[in-house]
Amino acid sequence: MTATNDLATHQTKRIAQLEDVQVRFGQGDDTFLALDRTNLVVNSGDFVAMVGPSGCGKSTILKLVAGLLRPTEGVVFVAGREVGAEHVGIGMAFQNPTMLPWLTIRQNIMLPLKIVKPYADTFRRDKHTAFRDRADALLAKVGLTGFGDRRPWELSGGMLQRANLCRALIHSPQLLMLDEPFGALDQFTREELWAVLQDLWIETKPTVFLVTHDLREAAFLASRILVMSARPGRVTEDRQVEFARPRTLETTFEAEFTDLTNDLRRMIFAARQSKEMTT
Amino acid sequence: MRVSRKSQENLKAAGFIVALFAIWEIACVLFEVSPIVLPRPSAIFSTLFVQMPALWPHIVQTLGTTMIGFLLGTVIGLALGAFVGISRTAYNTAYPLLVGFSSIPKVAVVPIFVLWFGSGTVPAVLTALTTCIFPIVVNVATGLATTEPEMEDVLKALGANRLQVLWNVGLPRAMPYFFASLKVAITLAFVGTVLSETVAANRGIGTVMMMATSSFDVPLAFAGLFALAILGVALYAVFAVIERRVCGWANRKQEFALN
(Lines give C-alpha, C1' and ligand atoms only; values in the text may rest on other atoms or scores of the structure.)
Protein backbone atom coordinates (compact mmCIF):
# COMPACT_ATOMS: atom_id res chain seq x y z
CA MET A 1 0.00 0.00 0.00
CA THR A 2 1.40 3.36 -0.97
CA ALA A 3 1.78 6.31 1.32
CA THR A 4 -1.02 8.27 -0.36
CA ASN A 5 -3.37 5.35 0.03
CA ASP A 6 -2.45 5.12 3.64
CA LEU A 7 -3.22 8.75 4.03
CA ALA A 8 -6.53 8.26 2.23
CA THR A 9 -7.68 5.49 4.55
CA HIS A 10 -6.59 7.58 7.45
CA GLN A 11 -8.66 10.46 6.15
CA THR A 12 -11.81 8.63 5.19
CA LYS A 13 -13.59 10.07 8.16
CA ARG A 14 -12.49 13.61 7.47
CA ILE A 15 -15.14 15.58 5.68
CA ALA A 16 -13.92 19.14 6.09
CA GLN A 17 -10.57 20.63 6.86
CA LEU A 18 -9.30 24.18 7.23
CA GLU A 19 -5.55 24.51 6.80
CA ASP A 20 -3.95 27.78 7.94
CA VAL A 21 -7.00 29.61 6.77
CA GLN A 22 -7.18 33.36 7.05
CA VAL A 23 -9.98 35.60 5.87
CA ARG A 24 -9.59 39.31 5.40
CA PHE A 25 -12.46 41.56 4.40
CA GLY A 26 -12.38 45.00 2.85
CA GLN A 27 -10.31 46.68 0.19
CA GLY A 28 -7.10 48.71 0.09
CA ASP A 29 -6.07 50.13 3.45
CA ASP A 30 -9.49 49.57 4.94
CA THR A 31 -9.27 45.87 5.67
CA PHE A 32 -9.82 43.82 8.77
CA LEU A 33 -9.06 40.27 9.72
CA ALA A 34 -12.33 38.37 10.07
CA LEU A 35 -10.78 35.01 10.70
CA ASP A 36 -7.30 34.57 12.10
CA ARG A 37 -5.04 31.65 11.11
CA THR A 38 -7.34 28.71 11.73
CA ASN A 39 -6.78 24.99 11.57
CA LEU A 40 -9.76 22.73 11.92
CA VAL A 41 -10.56 19.14 11.11
CA VAL A 42 -14.15 17.96 11.14
CA ASN A 43 -14.99 14.29 10.89
CA SER A 44 -17.84 12.84 8.97
CA GLY A 45 -20.95 12.63 11.11
CA ASP A 46 -19.88 15.34 13.54
CA PHE A 47 -22.41 17.84 14.75
CA VAL A 48 -20.31 20.95 15.22
CA ALA A 49 -21.78 23.99 16.89
CA MET A 50 -19.96 27.29 16.73
CA VAL A 51 -20.58 29.86 19.42
CA GLY A 52 -18.98 33.16 20.22
CA PRO A 53 -19.57 36.89 20.38
CA SER A 54 -21.12 38.45 17.32
CA GLY A 55 -18.74 39.24 14.51
CA CYS A 56 -16.31 36.51 15.50
CA GLY A 57 -16.28 34.72 12.19
CA LYS A 58 -18.70 31.87 12.90
CA SER A 59 -20.61 32.45 9.71
CA THR A 60 -17.32 32.96 7.92
CA ILE A 61 -16.26 29.39 8.66
CA LEU A 62 -19.67 28.20 7.48
CA LYS A 63 -19.34 30.06 4.21
CA LEU A 64 -15.78 28.83 3.69
CA VAL A 65 -16.84 25.22 3.96
CA ALA A 66 -19.91 25.81 1.80
CA GLY A 67 -17.65 27.29 -0.87
CA LEU A 68 -19.42 30.65 -0.77
CA LEU A 69 -16.28 32.43 0.35
CA ARG A 70 -12.66 32.04 -0.69
CA PRO A 71 -10.02 32.17 2.03
CA THR A 72 -7.53 35.02 1.74
CA GLU A 73 -4.85 32.56 2.74
CA GLY A 74 -4.76 28.84 3.36
CA VAL A 75 -6.82 26.02 1.92
CA VAL A 76 -10.23 24.58 2.69
CA PHE A 77 -10.81 20.94 1.89
CA VAL A 78 -14.23 19.35 1.64
CA ALA A 79 -14.61 15.61 1.08
CA GLY A 80 -10.89 15.31 0.41
CA ARG A 81 -10.75 17.94 -2.34
CA GLU A 82 -10.18 21.64 -2.34
CA VAL A 83 -13.50 23.37 -1.83
CA GLY A 84 -15.22 24.43 -5.01
CA ALA A 85 -13.32 21.88 -7.11
CA GLU A 86 -16.36 19.68 -7.19
CA HIS A 87 -19.83 20.45 -5.93
CA VAL A 88 -20.93 18.16 -3.17
CA GLY A 89 -24.43 19.60 -2.87
CA ILE A 90 -24.31 21.14 0.57
CA GLY A 91 -27.60 21.66 2.37
CA MET A 92 -28.03 25.07 3.91
CA ALA A 93 -30.58 26.84 6.09
CA PHE A 94 -30.59 30.38 7.40
CA GLN A 95 -32.62 32.26 9.98
CA ASN A 96 -34.63 33.68 7.09
CA PRO A 97 -36.45 30.63 5.67
CA THR A 98 -36.56 32.15 2.13
CA MET A 99 -39.33 29.92 0.87
CA LEU A 100 -40.16 31.05 -2.66
CA PRO A 101 -43.70 32.47 -2.62
CA TRP A 102 -44.61 31.36 -6.15
CA LEU A 103 -44.05 27.70 -5.26
CA THR A 104 -45.92 25.43 -2.90
CA ILE A 105 -44.12 24.19 0.20
CA ARG A 106 -43.53 20.84 -1.50
CA GLN A 107 -42.12 22.47 -4.63
CA ASN A 108 -39.88 24.61 -2.44
CA ILE A 109 -38.57 21.56 -0.66
CA MET A 110 -37.92 19.74 -3.95
CA LEU A 111 -35.88 22.63 -5.33
CA PRO A 112 -32.47 21.11 -4.41
CA LEU A 113 -33.40 17.95 -6.32
CA LYS A 114 -33.71 20.11 -9.41
CA ILE A 115 -30.11 21.23 -9.02
CA VAL A 116 -28.07 18.51 -7.31
CA LYS A 117 -26.93 15.49 -9.30
CA PRO A 118 -27.93 12.72 -9.75
CA TYR A 119 -31.46 13.85 -8.85
CA ALA A 120 -31.44 16.70 -11.35
CA ASP A 121 -31.12 14.26 -14.27
CA THR A 122 -34.45 12.64 -13.53
CA PHE A 123 -36.22 15.58 -11.94
CA ARG A 124 -38.74 16.02 -14.74
CA ARG A 125 -39.73 12.38 -14.57
CA ASP A 126 -39.70 11.89 -10.81
CA LYS A 127 -41.09 15.14 -9.52
CA HIS A 128 -44.64 13.83 -9.53
CA THR A 129 -43.77 10.39 -8.14
CA ALA A 130 -40.62 9.41 -6.27
CA PHE A 131 -39.43 12.91 -5.39
CA ARG A 132 -42.89 13.95 -4.34
CA ASP A 133 -43.08 11.01 -1.95
CA ARG A 134 -39.64 11.81 -0.67
CA ALA A 135 -40.68 15.39 0.09
CA ASP A 136 -43.90 14.26 1.75
CA ALA A 137 -42.03 11.73 3.90
CA LEU A 138 -39.68 14.46 5.07
CA LEU A 139 -42.58 16.82 5.74
CA ALA A 140 -44.18 14.13 7.86
CA LYS A 141 -41.01 13.79 9.92
CA VAL A 142 -41.01 17.47 10.82
CA GLY A 143 -44.72 17.44 11.59
CA LEU A 144 -45.97 19.17 8.46
CA THR A 145 -48.08 16.38 7.00
CA GLY A 146 -50.67 17.85 4.67
CA PHE A 147 -48.95 21.18 4.25
CA GLY A 148 -47.17 20.28 1.01
CA ASP A 149 -49.69 22.07 -1.19
CA ARG A 150 -49.82 25.21 0.93
CA ARG A 151 -48.08 28.41 -0.03
CA PRO A 152 -45.31 29.77 2.20
CA TRP A 153 -47.31 32.79 3.35
CA GLU A 154 -49.94 30.49 4.82
CA LEU A 155 -47.45 29.01 7.31
CA SER A 156 -46.20 30.38 10.60
CA GLY A 157 -42.54 31.18 11.23
CA GLY A 158 -41.94 27.91 13.05
CA MET A 159 -43.58 25.89 10.27
CA LEU A 160 -41.53 27.69 7.64
CA GLN A 161 -38.37 26.84 9.54
CA ARG A 162 -39.41 23.18 9.61
CA ALA A 163 -39.91 23.35 5.85
CA ASN A 164 -36.54 25.07 5.57
CA LEU A 165 -34.90 22.09 7.31
CA CYS A 166 -36.66 19.78 4.85
CA ARG A 167 -35.31 21.74 1.92
CA ALA A 168 -31.81 21.59 3.34
CA LEU A 169 -32.04 17.80 3.79
CA ILE A 170 -34.11 16.57 0.83
CA HIS A 171 -31.07 15.54 -1.21
CA SER A 172 -29.45 13.72 1.75
CA PRO A 173 -26.42 15.99 1.82
CA GLN A 174 -23.17 14.93 3.46
CA LEU A 175 -22.85 18.43 4.84
CA LEU A 176 -25.52 20.54 6.44
CA MET A 177 -24.89 24.22 7.15
CA LEU A 178 -27.17 25.92 9.63
CA ASP A 179 -26.74 29.62 10.26
CA GLU A 180 -28.83 30.51 13.31
CA PRO A 181 -31.79 28.59 11.87
CA PHE A 182 -33.95 29.05 14.96
CA GLY A 183 -32.79 32.55 15.88
CA ALA A 184 -36.08 34.25 15.10
CA LEU A 185 -38.34 31.74 16.84
CA ASP A 186 -39.87 31.80 20.29
CA GLN A 187 -38.38 29.61 23.01
CA PHE A 188 -41.00 26.84 22.84
CA THR A 189 -40.92 26.47 19.08
CA ARG A 190 -37.16 26.54 19.20
CA GLU A 191 -36.94 23.71 21.70
CA GLU A 192 -39.41 21.70 19.67
CA LEU A 193 -37.26 22.13 16.60
CA TRP A 194 -34.12 21.07 18.45
CA ALA A 195 -35.73 17.68 18.91
CA VAL A 196 -36.87 17.58 15.29
CA LEU A 197 -33.39 18.43 14.04
CA GLN A 198 -31.79 15.90 16.37
CA ASP A 199 -34.08 13.14 15.06
CA LEU A 200 -33.28 14.03 11.48
CA TRP A 201 -29.57 14.07 12.23
CA ILE A 202 -29.60 10.72 14.05
CA GLU A 203 -31.34 9.15 11.08
CA THR A 204 -28.84 9.99 8.34
CA LYS A 205 -25.89 11.42 10.33
CA PRO A 206 -24.87 14.23 8.00
CA THR A 207 -22.01 16.41 9.16
CA VAL A 208 -23.56 19.55 10.58
CA PHE A 209 -22.09 23.01 11.07
CA LEU A 210 -24.39 25.02 13.30
CA VAL A 211 -23.86 28.69 14.02
CA THR A 212 -25.83 29.82 17.02
CA HIS A 213 -26.02 32.42 19.75
CA ASP A 214 -28.00 30.12 21.97
CA LEU A 215 -25.62 28.17 24.24
CA ARG A 216 -28.33 25.76 25.33
CA GLU A 217 -29.04 25.06 21.68
CA ALA A 218 -25.38 24.30 21.07
CA ALA A 219 -25.16 22.05 24.14
CA PHE A 220 -28.39 20.24 23.27
CA LEU A 221 -27.61 19.52 19.63
CA ALA A 222 -23.87 19.38 19.16
CA SER A 223 -21.40 16.58 19.54
CA ARG A 224 -18.63 19.16 19.44
CA ILE A 225 -18.65 22.84 20.34
CA LEU A 226 -16.19 25.40 19.05
CA VAL A 227 -15.95 28.59 21.06
CA MET A 228 -14.63 31.51 19.06
CA SER A 229 -13.00 34.72 20.17
CA ALA A 230 -14.03 38.19 19.07
CA ARG A 231 -12.57 39.68 15.92
CA PRO A 232 -10.18 38.58 14.59
CA GLY A 233 -11.95 35.26 15.00
CA ARG A 234 -10.04 32.31 16.39
CA VAL A 235 -11.16 29.00 17.80
CA THR A 236 -10.29 29.30 21.48
CA GLU A 237 -11.97 26.17 22.77
CA ASP A 238 -12.83 22.87 21.15
CA ARG A 239 -15.04 20.73 23.31
CA GLN A 240 -16.67 17.34 22.85
CA VAL A 241 -20.23 17.01 24.13
CA GLU A 242 -20.84 13.51 25.33
CA PHE A 243 -24.46 13.56 26.57
CA ALA A 244 -26.36 10.44 25.51
CA ARG A 245 -28.74 10.65 22.58
CA PRO A 246 -31.50 11.22 21.94
CA ARG A 247 -31.27 14.17 24.26
CA THR A 248 -34.50 15.51 25.65
CA LEU A 249 -35.51 18.67 27.42
CA GLU A 250 -34.83 16.74 30.63
CA THR A 251 -31.19 16.64 29.60
CA THR A 252 -31.04 20.41 29.69
CA PHE A 253 -31.92 20.44 33.40
CA GLU A 254 -29.11 18.09 34.41
CA ALA A 255 -26.18 19.52 36.29
CA GLU A 256 -23.59 18.59 33.65
CA PHE A 257 -25.62 20.37 31.02
CA THR A 258 -25.93 23.59 32.97
CA ASP A 259 -22.25 23.36 33.90
CA LEU A 260 -21.39 23.16 30.23
CA THR A 261 -23.53 26.14 29.25
CA ASN A 262 -22.14 28.14 32.15
CA ASP A 263 -18.61 27.29 31.07
CA LEU A 264 -19.39 28.39 27.54
CA ARG A 265 -20.98 31.59 28.78
CA ARG A 266 -17.91 32.40 30.84
CA MET A 267 -15.60 31.83 27.90
CA ILE A 268 -17.61 34.01 25.57
CA PHE A 269 -17.88 36.68 28.22
CA ALA A 270 -14.10 36.65 28.63
CA ALA A 271 -13.70 36.90 24.85
CA ARG A 272 -15.96 39.95 24.77
CA GLN A 273 -14.09 41.57 27.66
CA SER A 274 -10.75 41.21 25.92
CA LYS A 275 -12.28 42.71 22.82
CA GLU A 276 -13.48 45.75 24.71
CA MET A 277 -10.04 46.20 26.21
CA THR A 278 -8.33 46.21 22.84
CA THR A 279 -10.77 48.64 21.22
CA MET B 1 -70.18 39.55 0.05
CA ARG B 2 -66.77 40.18 -1.41
CA VAL B 3 -67.97 39.96 -5.02
CA SER B 4 -70.85 42.32 -4.46
CA ARG B 5 -68.62 44.87 -2.77
CA LYS B 6 -66.12 44.64 -5.59
CA SER B 7 -68.77 45.08 -8.27
CA GLN B 8 -70.19 47.93 -6.26
CA GLU B 9 -66.82 49.65 -6.36
CA ASN B 10 -66.58 49.04 -10.10
CA LEU B 11 -70.05 50.44 -10.62
CA LYS B 12 -69.14 53.53 -8.66
CA ALA B 13 -66.00 54.07 -10.73
CA ALA B 14 -67.94 53.61 -13.98
CA GLY B 15 -70.53 56.09 -12.76
CA PHE B 16 -67.88 58.72 -12.12
CA ILE B 17 -66.35 58.22 -15.56
CA VAL B 18 -69.76 58.64 -17.22
CA ALA B 19 -70.37 61.72 -15.08
CA LEU B 20 -67.07 63.20 -16.25
CA PHE B 21 -68.13 62.87 -19.88
CA ALA B 22 -71.55 64.29 -19.00
CA ILE B 23 -69.93 67.38 -17.44
CA TRP B 24 -67.82 67.81 -20.58
CA GLU B 25 -70.93 67.51 -22.74
CA ILE B 26 -72.95 69.94 -20.64
CA ALA B 27 -70.08 72.45 -20.43
CA CYS B 28 -69.73 72.44 -24.22
CA VAL B 29 -73.44 73.10 -24.65
CA LEU B 30 -73.63 75.63 -21.82
CA PHE B 31 -70.66 77.74 -22.90
CA GLU B 32 -71.36 77.23 -26.60
CA VAL B 33 -67.88 75.89 -27.29
CA SER B 34 -67.22 75.65 -31.01
CA PRO B 35 -66.70 72.04 -32.21
CA ILE B 36 -63.52 73.25 -33.94
CA VAL B 37 -62.06 74.04 -30.52
CA LEU B 38 -63.48 71.22 -28.44
CA PRO B 39 -66.12 68.85 -29.80
CA ARG B 40 -68.74 67.36 -27.51
CA PRO B 41 -68.15 63.73 -26.45
CA SER B 42 -71.39 62.69 -28.12
CA ALA B 43 -70.16 64.17 -31.40
CA ILE B 44 -66.83 62.40 -30.99
CA PHE B 45 -68.44 59.04 -30.33
CA SER B 46 -70.85 59.44 -33.23
CA THR B 47 -67.96 60.40 -35.52
CA LEU B 48 -66.06 57.39 -34.29
CA PHE B 49 -69.08 55.21 -35.04
CA VAL B 50 -69.93 56.73 -38.44
CA GLN B 51 -66.34 56.84 -39.64
CA MET B 52 -65.51 53.39 -38.32
CA PRO B 53 -65.40 51.69 -41.74
CA ALA B 54 -62.90 54.31 -42.93
CA LEU B 55 -60.99 54.32 -39.62
CA TRP B 56 -60.82 50.56 -39.20
CA PRO B 57 -57.80 49.83 -41.45
CA HIS B 58 -55.91 52.63 -39.69
CA ILE B 59 -56.80 51.24 -36.29
CA VAL B 60 -55.62 47.80 -37.40
CA GLN B 61 -52.41 49.32 -38.75
CA THR B 62 -51.67 51.19 -35.52
CA LEU B 63 -52.58 48.23 -33.34
CA GLY B 64 -50.43 45.86 -35.41
CA THR B 65 -47.46 48.21 -35.46
CA THR B 66 -47.74 48.80 -31.73
CA MET B 67 -48.00 45.10 -30.92
CA ILE B 68 -44.95 44.22 -33.03
CA GLY B 69 -42.92 47.03 -31.48
CA PHE B 70 -44.15 46.09 -28.02
CA LEU B 71 -43.40 42.39 -28.46
CA LEU B 72 -39.90 43.10 -29.73
CA GLY B 73 -39.44 45.60 -26.92
CA THR B 74 -40.60 43.01 -24.38
CA VAL B 75 -38.26 40.30 -25.61
CA ILE B 76 -35.27 42.59 -25.93
CA GLY B 77 -36.14 44.42 -22.71
CA LEU B 78 -36.41 41.17 -20.75
CA ALA B 79 -33.11 39.88 -22.09
CA LEU B 80 -31.38 43.19 -21.54
CA GLY B 81 -32.88 43.55 -18.07
CA ALA B 82 -31.74 40.04 -17.11
CA PHE B 83 -28.27 40.76 -18.46
CA VAL B 84 -28.04 44.10 -16.69
CA GLY B 85 -29.46 42.55 -13.51
CA ILE B 86 -26.94 39.74 -13.16
CA SER B 87 -23.71 41.36 -14.31
CA ARG B 88 -22.20 44.31 -12.52
CA THR B 89 -20.17 45.29 -15.56
CA ALA B 90 -23.21 45.15 -17.80
CA TYR B 91 -25.10 47.23 -15.27
CA ASN B 92 -22.42 49.90 -15.13
CA THR B 93 -22.09 49.97 -18.91
CA ALA B 94 -25.70 49.75 -19.94
CA TYR B 95 -27.34 51.97 -17.36
CA PRO B 96 -25.90 55.35 -18.41
CA LEU B 97 -26.49 54.43 -22.04
CA LEU B 98 -30.09 53.47 -21.34
CA VAL B 99 -30.82 56.54 -19.28
CA GLY B 100 -29.22 58.70 -21.93
CA PHE B 101 -31.14 57.07 -24.72
CA SER B 102 -34.46 57.21 -22.92
CA SER B 103 -33.92 60.91 -22.24
CA ILE B 104 -33.82 61.64 -25.97
CA PRO B 105 -37.27 62.76 -27.18
CA LYS B 106 -38.42 60.12 -29.62
CA VAL B 107 -39.66 62.85 -31.95
CA ALA B 108 -36.02 63.58 -32.63
CA VAL B 109 -35.28 59.95 -33.45
CA VAL B 110 -38.12 59.33 -35.91
CA PRO B 111 -36.55 61.33 -38.76
CA ILE B 112 -33.38 59.28 -38.34
CA PHE B 113 -35.35 56.03 -38.52
CA VAL B 114 -37.12 57.38 -41.62
CA LEU B 115 -33.75 58.25 -43.13
CA TRP B 116 -32.55 54.70 -42.53
CA PHE B 117 -35.65 52.68 -43.35
CA GLY B 118 -37.95 55.01 -45.33
CA SER B 119 -41.36 56.09 -44.11
CA GLY B 120 -44.09 53.64 -43.11
CA THR B 121 -44.33 50.72 -40.73
CA VAL B 122 -40.65 50.04 -39.96
CA PRO B 123 -39.83 53.39 -38.30
CA ALA B 124 -43.15 53.19 -36.42
CA VAL B 125 -42.29 49.75 -35.05
CA LEU B 126 -38.83 50.95 -34.08
CA THR B 127 -40.19 54.05 -32.38
CA ALA B 128 -42.71 51.95 -30.44
CA LEU B 129 -39.91 49.58 -29.44
CA THR B 130 -37.53 52.26 -28.26
CA THR B 131 -40.25 54.14 -26.41
CA CYS B 132 -41.47 51.14 -24.43
CA ILE B 133 -38.22 49.31 -23.69
CA PHE B 134 -36.82 51.46 -20.88
CA PRO B 135 -39.32 50.67 -18.10
CA ILE B 136 -39.08 46.96 -18.94
CA VAL B 137 -35.29 46.87 -18.64
CA VAL B 138 -35.27 48.90 -15.44
CA ASN B 139 -37.99 46.86 -13.80
CA VAL B 140 -36.54 43.48 -14.70
CA ALA B 141 -33.12 44.56 -13.43
CA THR B 142 -34.68 45.88 -10.23
CA GLY B 143 -36.69 42.69 -9.77
CA LEU B 144 -33.56 40.58 -10.11
CA ALA B 145 -31.84 42.72 -7.51
CA THR B 146 -34.53 41.85 -4.96
CA THR B 147 -33.40 38.20 -4.75
CA GLU B 148 -32.55 37.45 -1.12
CA PRO B 149 -28.82 36.85 -0.69
CA GLU B 150 -29.62 33.89 1.58
CA MET B 151 -31.57 32.21 -1.22
CA GLU B 152 -28.65 32.71 -3.56
CA ASP B 153 -26.31 31.20 -0.97
CA VAL B 154 -28.58 28.19 -0.53
CA LEU B 155 -28.55 27.55 -4.27
CA LYS B 156 -24.82 28.16 -4.70
CA ALA B 157 -24.03 25.80 -1.83
CA LEU B 158 -26.05 23.19 -3.69
CA GLY B 159 -23.79 23.78 -6.66
CA ALA B 160 -26.18 25.82 -8.80
CA ASN B 161 -24.63 27.94 -11.52
CA ARG B 162 -25.64 31.49 -12.34
CA LEU B 163 -28.13 30.45 -14.97
CA GLN B 164 -29.88 28.08 -12.56
CA VAL B 165 -30.12 30.81 -9.92
CA LEU B 166 -31.52 33.18 -12.54
CA TRP B 167 -34.02 30.66 -13.84
CA ASN B 168 -35.25 29.28 -10.51
CA VAL B 169 -35.20 32.38 -8.34
CA GLY B 170 -34.22 35.57 -10.14
CA LEU B 171 -36.66 35.59 -13.02
CA PRO B 172 -39.74 34.38 -11.13
CA ARG B 173 -38.92 36.93 -8.43
CA ALA B 174 -38.71 39.63 -11.12
CA MET B 175 -42.02 38.67 -12.76
CA PRO B 176 -44.26 41.05 -10.76
CA TYR B 177 -41.90 43.88 -11.70
CA PHE B 178 -41.86 42.72 -15.30
CA PHE B 179 -45.63 42.63 -15.62
CA ALA B 180 -46.02 45.95 -13.87
CA SER B 181 -43.66 47.40 -16.47
CA LEU B 182 -45.61 45.77 -19.32
CA LYS B 183 -48.71 47.74 -18.37
CA VAL B 184 -46.72 50.95 -18.66
CA ALA B 185 -44.85 49.76 -21.74
CA ILE B 186 -47.94 48.94 -23.79
CA THR B 187 -49.30 52.46 -23.40
CA LEU B 188 -45.88 53.91 -24.22
CA ALA B 189 -45.69 51.73 -27.31
CA PHE B 190 -48.88 53.38 -28.58
CA VAL B 191 -47.34 56.78 -28.02
CA GLY B 192 -44.29 55.74 -30.05
CA THR B 193 -46.31 54.33 -32.93
CA VAL B 194 -48.62 57.32 -33.25
CA LEU B 195 -45.69 59.68 -32.96
CA SER B 196 -43.97 58.03 -35.89
CA GLU B 197 -47.20 57.88 -37.87
CA THR B 198 -47.82 61.59 -37.49
CA VAL B 199 -44.34 62.32 -38.83
CA ALA B 200 -43.87 59.84 -41.61
CA ALA B 201 -46.55 57.39 -42.66
CA ASN B 202 -49.58 57.17 -44.90
CA ARG B 203 -51.55 54.81 -42.70
CA GLY B 204 -52.43 54.59 -39.04
CA ILE B 205 -54.38 56.63 -36.52
CA GLY B 206 -51.54 59.14 -36.26
CA THR B 207 -51.79 59.85 -40.00
CA VAL B 208 -55.58 60.16 -39.79
CA MET B 209 -55.28 62.69 -36.97
CA MET B 210 -52.69 64.72 -38.84
CA MET B 211 -54.91 64.88 -41.88
CA ALA B 212 -58.00 65.61 -39.79
CA THR B 213 -56.42 68.56 -37.97
CA SER B 214 -55.00 70.04 -41.16
CA SER B 215 -58.52 70.02 -42.64
CA PHE B 216 -60.06 71.30 -39.37
CA ASP B 217 -62.06 68.11 -38.91
CA VAL B 218 -61.60 68.35 -35.16
CA PRO B 219 -64.24 65.75 -34.23
CA LEU B 220 -62.38 63.20 -36.41
CA ALA B 221 -59.09 64.08 -34.74
CA PHE B 222 -60.74 63.56 -31.37
CA ALA B 223 -62.27 60.32 -32.62
CA GLY B 224 -58.73 59.20 -33.37
CA LEU B 225 -57.66 60.15 -29.86
CA PHE B 226 -60.55 58.23 -28.38
CA ALA B 227 -59.79 55.18 -30.50
CA LEU B 228 -56.23 55.28 -29.17
CA ALA B 229 -57.37 55.70 -25.60
CA ILE B 230 -59.79 52.79 -25.91
CA LEU B 231 -57.09 50.56 -27.40
CA GLY B 232 -54.71 51.59 -24.64
CA VAL B 233 -57.18 50.84 -21.88
CA ALA B 234 -58.13 47.50 -23.45
CA LEU B 235 -54.53 46.32 -23.74
CA TYR B 236 -53.70 47.58 -20.27
CA ALA B 237 -56.60 45.50 -18.99
CA VAL B 238 -55.38 42.44 -20.89
CA PHE B 239 -51.96 42.70 -19.27
CA ALA B 240 -53.46 43.38 -15.87
CA VAL B 241 -55.38 40.09 -16.17
CA ILE B 242 -52.29 38.19 -17.32
CA GLU B 243 -50.34 39.72 -14.44
CA ARG B 244 -52.91 38.53 -11.92
CA ARG B 245 -52.84 35.05 -13.43
CA VAL B 246 -49.06 34.72 -13.56
CA CYS B 247 -48.03 36.45 -10.36
CA GLY B 248 -51.03 36.15 -8.09
CA TRP B 249 -48.57 35.21 -5.35
CA ALA B 250 -47.30 38.79 -5.33
CA ASN B 251 -50.78 40.21 -4.72
CA ARG B 252 -51.81 37.90 -1.93
CA LYS B 253 -51.87 40.66 0.64
CA GLN B 254 -54.54 42.61 -1.21
CA GLU B 255 -56.64 39.48 -1.52
CA PHE B 256 -56.31 38.82 2.17
CA ALA B 257 -57.30 42.38 2.92
CA LEU B 258 -60.47 41.95 0.88
CA ASN B 259 -61.28 38.69 2.61
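In the predicted model, strand β1 of chain A (residues 14-27) and strand β4 of chain A (residues 73-78) run antiparallel and are joined by five bridges. Within this pairing, A:Gln22 has A:Glu73 of β4(A) as its bridge partner. Strand β4(A) also pairs with strand β5 of chain A (residues 81-82), again in the antiparallel sense, over two bridges. Here A:Val78 stands opposite A:Arg81 of β5(A). Two residues lie between the strands of the β4(A)-β5(A) hairpin, and in this hairpin A:Ala79 adopts a positive phi near 50 degrees.

Chain A is divided into two domains: domain 1 comprises residues 14-25, 32-90 and 174-247, and domain 2 comprises residues 99-172. The centres of the two domains, taken over C-alpha atoms, are separated by 24 Å. Their contact draws 12 residues from domain 1 of chain A and 13 residues from domain 2 of chain A. On the domain 1 side, helix α7 of chain A (residues 187-204) gives the most, with six residues. The residues of domain 1 of chain A that touch domain 2 are divided into nine nonpolar and three polar, with no charged residue.

Helix α3 of chain A (residues 105-115) is mostly covered, with 10 of its 11 residues buried. The buried residues are A:Ile105, A:Arg106, A:Asn108, A:Ile109, A:Met110, A:Leu111, A:Pro112, A:Leu113, A:Lys114 and A:Ile115. The cover over these buried residues comes from both chains: from chain A it includes α4 (123-126), α5 (130-141) and α6 (157-169), and from chain B it includes α7 (149-158) and α8 (162-199).

The contact between the chains takes 21 residues from chain A and 17 residues from chain B. On the chain A side, β6 (91-94) and α3 (105-115) each supply at least two residues. Helix α3(A) provides the largest share of this side, four residues. By residue class, the side of chain A that touches chain B consists of 14 nonpolar, five polar and two charged residues.

Chain B has 11 helices and zero strands, and its pattern along the sequence is accordingly α-α-α-α-α-α-α-α-α-α-α. Along the principal axes, the C-alpha atoms of chain B fill a box of roughly 75 × 60 × 30 Å. Of its 259 residues, 38% count as buried. Among contacts in chain B with a separation of 6 or more, 77% are accounted for by residues 24 or more positions apart.

An unreviewed UniProt entry places the feature "transmembrane region" at residues 12-38, 58-83, 95-118, 124-146, 177-200 and 220-242 of chain B. In the model, the span of residues 58-83 of chain B is 100% helix and 0% strand, with its end C-alpha atoms 37 Å apart. Residues 220-242 of chain B are likewise 100% helix and 0% strand, and the end C-alpha atoms of this span lie 33 Å apart.

Terms used. Residues numbered from 1 in each chain as written. Chains lettered and ligands numbered in written order. Predicted model: local features only at pLDDT ≥ 70, side-chain atom pairs only at ≥ 80, totals over all residues. Contact = placed C-beta atoms within 7 Å. Nonpolar A, V, L, I, M, F, W, Y, C, P; charged D, E, K, R; others polar. Buried ≥ 20, exposed ≤ 12 C-beta atoms within 10 Å, placed from the backbone. Pairing = 2+ DSSP bridges. UniProt positions renumbered as here; feature names shortened; annotations may be inferred. Domains from an automatic or database assignment.
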